[in-house]
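I opened my notebook to look at how two chains meet and what sits between them. Come along as I go through the entries.

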Amino acid sequence: MSAINSNIPEGELTTKWTKFKSSVPLVNPSNKRSLEIIVVGSGLAGASAAATLAEMGYKVKCFCFQDSPRRAHSIAAQGGINAAKNYQNDGDSTYRLFYDTIKGGDYRAREANVHRLAEVSANIIDQCVAQGVPLAREYGGLLDNRSFGGTQVQRTFYAAGQTGQQLLLGAYSALERQIGMGKVEMFTRHEMLEVVKIDGKARGIIARNLITGELERHFGHAVVLGTGGYGNVFYLSTNAMGSNVTAAWKANKQGAFFANPCYTQIHPTCIPVSGDHQSKLTLMSESLRNDGRIWVPKKKDDTRKASEIPEDERDYYLERRYPAFGNLVPRDVASRAAKERCDAGYGVGASKLAVYLDFKANTERYGKIEAAKAGIQNPDKETCMRLGTAVVKEKYGNLFDMYAQITGENPYETPMRIYPAVHYTMGGLWVDYNLMTTVPGLYCTGEANFSDHGANRLGASALMQGLADGYFVLPYTIGQYLSKEISVKAIPTDHPAFAEAEAKAKGILDTLIGIKGTKSVDHFHKKLGLIMWDKCGMARNAEGLKSAIAEIQQLKKDFWSDVRVPGSADEYNPELEKAGRVADFIELGELMCIDALNRNESCGGHFREEYQTEEGEALRDDEGYAYVAAWENKGDGNFELHKEELKFENIKIAQRSYK
Amino acid sequence: MSTGNMNLTLKVWRQKNTKDKGKMVDYKVADISPDMSFLEMFDVLNEDLITKGDDPIVFDHDCREGICGMCSMFINGRPHGPKDAVTTCQLHMRSFKDGDTIVVEPWRAKAFPVIKDLTVDRSAFDRVIAAGGFISVNTGNAQDANNLPIPKAQADAAFEAAACIGCGACVATCKNASAMLFVSAKISQLALLPQGQPERYKRVQNMVAQMDAEGFGNCTNTGACEAECPKGISLENIARMNRDYYSAKFISEEEG
Ligand SMILES: Cc1cc2nc3c(=O)[nH]c(=O)nc-3n(C[C@H](O)[C@H](O)[C@H](O)COP(=O)(O)OP(=O)(O)OC[C@H]3O[C@@H](n4cnc5c(N)ncnc54)[C@H](O)[C@@H]3O)c2cc1C
Ligand code: SF4
Ligand code: FES
């Protein structure tokens with residue numbers, strides 16, 4: 001018997017959510033005023049939840065480690081957000097978004113959650129526009145859309161290459177409005193270090209004031225974690241430098257199961273690594289694949305410049321292998337295909353670990369259209385390129401500038417060089433249909449939870465999930481729990497459980513400062529990252545994973561005996577913050593490898609070399625592995641596996657083909 | 001460790017906390033690659049300081065993609081350094097020469113007190129937004145988004161104003177430490193959209209009042225803010241804000 005219950009409402013898939021909403025117990029307004037909710041995180045998931053819960057009348061405390069909620073990592077999302085609006089009249093629907101997401105996730109997501117996500121997606125766009133988010137428009141004044149990988153409709157809404165920024169600023173302004181009215185108390189530059197449990201329920205957190213170093217106790221009738229993803233376990237990733245797993249990991253130690261940790265999304269279009277000084281990798285939005293064609297030379301070790309390689313000596317390998325989707329295959333497929341070509345010796349650039357993303361053909365095509373609009377007959381190539389470049393600039397200008405800034409090359413003239421990089425983590429805290437973890441009263445939203453994406457996330461779906469959770473799901477589902485808590489008075493923070501949690505947090509900080517070893521935190525982080533990338537990255541095998549586990553265990557020992565953290569715990573000390581986060585990454589890294597080793601199949605972002613088709617595609621084992629792996633932390637690196645069987649009642653599981 | 005061959009001298013502002021007086025300290029860095037970002041160069045220096053048992057230099061940063069607005073420092077007397085329209089994290093060492101001496105200081109403004117070394121407190125910006133930088137719409141009350149057509153030019157103009165990353169370079173570079181460019185960007189974004197109209201004049205009054213309360217100075221049309229803004233936010237926004245501010249006074253006098 002499994003210890004977990006996903007609490008999926010009975011009834012037909014398409015009516016589950018509406019029925020749930022109309023039958024869920026409500027909390028009356030006067031009771032809401034005395035119920036306190038802690039929201040950790042102010043990204044799309046956290047800010048939207050905190051603002052909405054405050055609008056509903058709850059007392060909210062919101063936390064983030066940056067100096068302002070506006071700087072949460074969601075700000076960096078580039079390409080867009082999906083919604084089943086069918087504004088383009090190209091046959092989109094709730095069902096189709098649901099279907100694409102389940103298939104894109106390689107049949108490892110929960111049907112009921114994904115359907116709900118598709119249902120509320122349309123409301124998200126309405127909400128954001130009402131807040132004044134300036135999404136891209138057509139000349140007629142209506143909203144514009146583009147396509148992302150893994151779909152054949154145009155359902156992606158965007159704001160140039162700065163969609164996340166605009167959506168987050170929308171949610172942030174809603175949050176600031178509530179802060180201004182005194183309904184949300186905001187704690188910036190605060191880091192949550194422990195979950196406080198009383199009688200088995202989450203009742204608060206221990207947070208560290210990062211400026212003074214003071215540990216603070218905060219009570220809440222419920223605690224919501226919207227603390228983002230853990231891709232930085234790989235050291236190099238597209239994530240912001242501060243993104244970390246600490247909140248989720250501490251929750252895991254308090255009894256919240258961690259689900260599918262090994263599902264990591266590798267994004268196919270990032271700027272390749274240029275040297276070992278690099279601190280992070282930069283994404284070039286997937287939307288570029290709308291207009292960029294991906295190729296490598298047909299000849300091995302070709303050292304000619306891209307411009308010197310004639311058309312018939314280029315291998316447009318995605319278009320060749322996947323004619324139906326071409327350059328718009330899902331990310332896992334595109335990433336593996338790039339790796340395959342580079343491993344086979346066809347990579348380009350100094351490191352040979354890159355492929356070309358070429359805009360020339362489409363620039364010329366746009367130029368022809370513009371010329372026709374301007375009434376220019378038989379335009380020459382140069383005119384086309386000039387006019388087309390203006391169109392490309394309007395669509396992707398900031399991305400092209402970013403590329404030029406980082407590489408020192410002009411992408412309008414030569415094709416971009418791109419390579420896959422760690423981008424998004426589909427795993428996270430296990431949650432039920434209500435977004436509650438296995439600890440009663442502890443909720444988890446956005447990238448920090450595991451739900452909705454399965455083994456692979458389609459582009460433009462994370463923003464959608466973060467906002468769906470925060471604006472439209474959690475505010476309903478949390479009422480079910482809180483309606484039974486109205487008689488609970490605020491628990492004073494001198495309760496022994498608070499003291500105990502605080503002592504635990506303090507113990508870790510003091511230990512880290514006290515080691516006074518010889519190596520910096522970054523030294524250990526880089527080592528961990530290399531192990532993870534080599535052995536639990538784009539491709540894994542049993543032997544590699546076993547050795548990775550042993551190496552990580554050794555690294556953990558070295559870390560706790562030889563790390564050097566300067567300064568003290570009672571001051572502003574970013575190195576100490578980093579040390580705590582890397583300590584948690586090391587433990588999580590081990591669990592990721594354990595999870596990857598357990599899953600004897602390939603699916604989505606999890607590619608086990610032992611399990612592939614003759615053509616090199618991922619080979620799922622639906623008999624053996626159609627489950628969510630939820631790991632219970634038993635302490636000292638011991639984990640117990642709980643399985644949530646996934647039932648596909650509405651979609652027929654099929655081989656995932658994009659050919 | 002690193003891969004390049006640039007050698008540089010850095011003069012960096014060190015200040016233990018808000019109360020400390022602070023001073024410039026010299027550092028040498030070697031083997032810097034022109035492909036490194038300015039912050040990666042700082043990482044190398046910090047790694048060195050930690051190994052030697054010194055305190056690393058504290059600076060704010062997060063996305064390292066030029067979008068979160070967190071990184072902030074004066075480099076050779078200019079916010080975000082010598083290049084136009086980039087943030088410090090997007091500034092690369094190829095913008096400097098081997099042997100250069102580079103002076104690095106924190107943002108300077110009364111409303112942005114130094115927390116430590118190069119890190120300053122910019123929470124005043126949040127309080128200005130909390131005073132009115134929003135549209136009062138509760139979750140779940142929105143009409144269908146396409147029932148509100150917005151001409152492309154207008155949507156694009158709103159987007160351009162909305163691209164402000166809240167970095168504070170405009171304040172830091174202004175001789176009056178004025179926050180007008182930042183505040184006017186938000187006011188313009190919302191004033192250009194139909195959704196922003198109902199609260200348009202109340203918004204400008206509330207935000208300006210909060211801006212003054214935070215201790216930001218006044219705008220004397222020098223234009224340093226526009227010149228140093230990494231996102232190219234235009235001075236036109238300030239003009240729009242001023243117009244709205246005077247209209248607002250007029251309107252409230254009429255109503256009063
Ligand atoms: C470069 C890039 C581009 C992307 N582009 C797209 C895109 O085009 N479309 C799309 O759908 N998705 C995109 N994504 C993914 C998407 O941006 C993220 O998955 C999503 O924004 C995560 O939102 P979140 O609210 O869950 O977390 P985040 O935005 O990461 O927020 C986490 C919050 O938690 C806080 N926090 C974390 N730990 C603690 C702690 N211990 N104590 C206190 N506070 C804490 C942080 O301060 C922050 O406020 C992109 C991601 C990247 C990296
Ligand atoms: S207006 Fe420009 S300089 Fe000022 S905060 Fe915004 S982005 Fe920074
Ligand atoms: S670190 Fe985010 S803008 Fe520079």
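A word on terms before I start: helices and strands here are DSSP runs, numbered from the N terminus, and a residue belongs to the shell around a ligand if one of its heavy atoms lies within 4 Å of it. I also note that this is a predicted model.

**Entry: the ligand**

I looked up ligand 1 and found it between chains A and B. Its shell holds 38 residues, with A:Gln66, A:Ser74, A:Gly79, A:Met192 and A:Glu447 the closest. Which element of chain A gives the most to this shell? I found that strand 6 does, with 3 residues; strand 6 spans 190–198. By class I counted 16 nonpolar, 18 polar and 4 charged residues around ligand 1.

I then checked polar backbone atoms. One of A:Met192 is 2.8 Å from a nitrogen atom of ligand 1. For oxygen atoms of ligand 1, I noted 2.7 Å to a backbone N or O atom of A:Gly79 and 3.1 Å to a polar backbone atom of A:Leu44. The protein buries 98% of the 1,000 Å² that ligand 1 exposes when taken alone.

**Entry: the two chains**

Next I turned to the contact, which takes 76 residues from chain A and 75 residues from chain B. Together the chains bury about 6,100 Å², 51% of it on carbon and sulfur atoms. On the chain A side, A:Arg71, A:His277 and A:Gln405 supply 12% of the buried area, more than any other three residues.

I found 6 salt bridges across the interface. One of them joins the side chains of A:Lys85 and B:Asp144 at 3.0 Å, N to O.

Note on methods: Residues numbered from 1 in each chain as written. Chains lettered and ligands numbered in written order. Predicted model: local features only at pLDDT ≥ 70, side-chain atom pairs only at ≥ 80, totals over all residues. Heavy atoms only, no water. Contact = heavy atoms within 4.5 Å. Buried area = accessible area lost by both parts, 1.4 Å probe. Salt bridge = Lys/Arg side-chain N within 4 Å of Asp/Glu carboxyl O. Polar contact = N/O pair within 3.5 Å; in protein donor to acceptor, adjacent residues only side chain to side chain. Areas by Shrake-Rupley, 256 points an atom, 1.4 Å probe, with all protein chains shown as cover. Helix = DSSP H or I, 4+ residues; strand = E, 2+ residues; numbered from the N terminus. Nonpolar A, V, L, I, M, F, W, Y, C, P; charged D, E, K, R; others polar.
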